[in-house]
Amino acid sequence: MGIEAVQRYVWGSIVGVIGEQGLFVGNKGELPAALTSGSQGINFAAFYPGLQRVAGSRNLLLRKGTMAEMAQQDDLFQTDKRLSLKPVTDFNAFLLQAFADGACKCLRCVEAAGVETGYAFQHTFELGKRVNRQFARTSPSEVLLALKKAWLSYFKSELEIPGALELSRVHEFVKPELHVRLRPLLLACGLIVEQEGGWVLQAVSE
């Protein structure tokens, strides 16, 4: 095959090699023996959707590209690895479970026929579809704790409380389809307030 390895990754029986000809991913038996040893990593093949099968090989995949492109892809992979950290995946699951389908059916909302006039915090939301906040799962302390753990895991720094909060930074470790849920949840918990065109994260006593 004539691949000169520049970087290599090993995940179980799968080996990936970044070489001058591009990125190769395959079983150990299908790559030259000299390339099948390397540092342990995660299954980075999932982060490269543009991989193409090599003719005549059942498992070997190839993505051609310049070394500059490959280095850029590798940087992306190194960043994306943080998205698989447990506190980060837990926070995404938390956002997913924070709302249930349909309008809120608490006694107050039922008696008011869904009219939330006078509510301190919103119960029912239109987030692509009508959903309601799951109060039992989303106390301010629980939401803040989940956010703090994910922030620390992803950025390796403590979340400043109180302090300015750029939601775009939180979006970095939140799945795109869940972005729409972030601000409404933080507002509904009273964890963020708008000041001078930005958001401020605050501790809330329960």
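Okay, let's start with a cut-off: a disulfide here is a pair of cysteine sulfur atoms within 2.5 Å. With that rule, a search of the whole structure comes back with zero disulfides.

Before the details, some housekeeping. What we have is a predicted model, where local features need pLDDT of at least 70, side-chain atom pairs count only at pLDDT 80 or more, and totals for chains, interfaces and linings use all residues. Numbering runs from 1 along each chain as its sequence is written, and side-chain values use heavy atoms, with hydrogens and water left out.

So, confidence. pLDDT is the predictor's confidence in each residue, from 0 to 100. The protein chain averages 74, and 61% of the residues score at least 70. Residues 18–22 fall below 50, and that stretch has 30 contacts in the model beyond near neighbours in sequence, a contact being heavy atoms within 4.5 Å. Residues 30–67 are also below 50, with 95 such contacts.

Back to the cysteines. Cys 104 is buried at 11% relative accessible area, while Cys 106 is partly exposed at 26%; buried means under 20%, exposed over 50%, partly exposed in between, with a 1.4 Å probe and protein chains only.

Now the core. A nonpolar core is a set of buried Ala, Val, Leu, Ile, Met, Phe, Trp, Tyr and Cys residues joined through side-chain atoms within 4.5 Å. The largest one has 33 residues, and Phe 91 and Leu 165 are among those with the most contacts inside it. Helix 4 (140–155) is one of the elements supplying at least two residues, and helix 4 gives the most, eight. Helices (H or I, at least four residues) and strands (E, at least two) are DSSP runs, numbered from the N terminus. What does Phe 91 touch? Leaving out residues up to four places away in sequence, its partners include Val 143, Leu 147, Phe 173 and Leu 182.

Last bit: strands. Two strands pair if DSSP finds at least two bridges between them. Strand 11 (residues 198–201) pairs antiparallel with strand 9 (residues 163–164) over two bridges, with Val 200 as the bridge partner of Ala 164. Strand 10 (residues 192–195) pairs antiparallel with strand 11 over four bridges, and Glu 194 has Trp 199 as its bridge partner. Strands 10 and 11 form a hairpin with two residues between them, where Glu 196 in the turn has a positive phi of about 50°.
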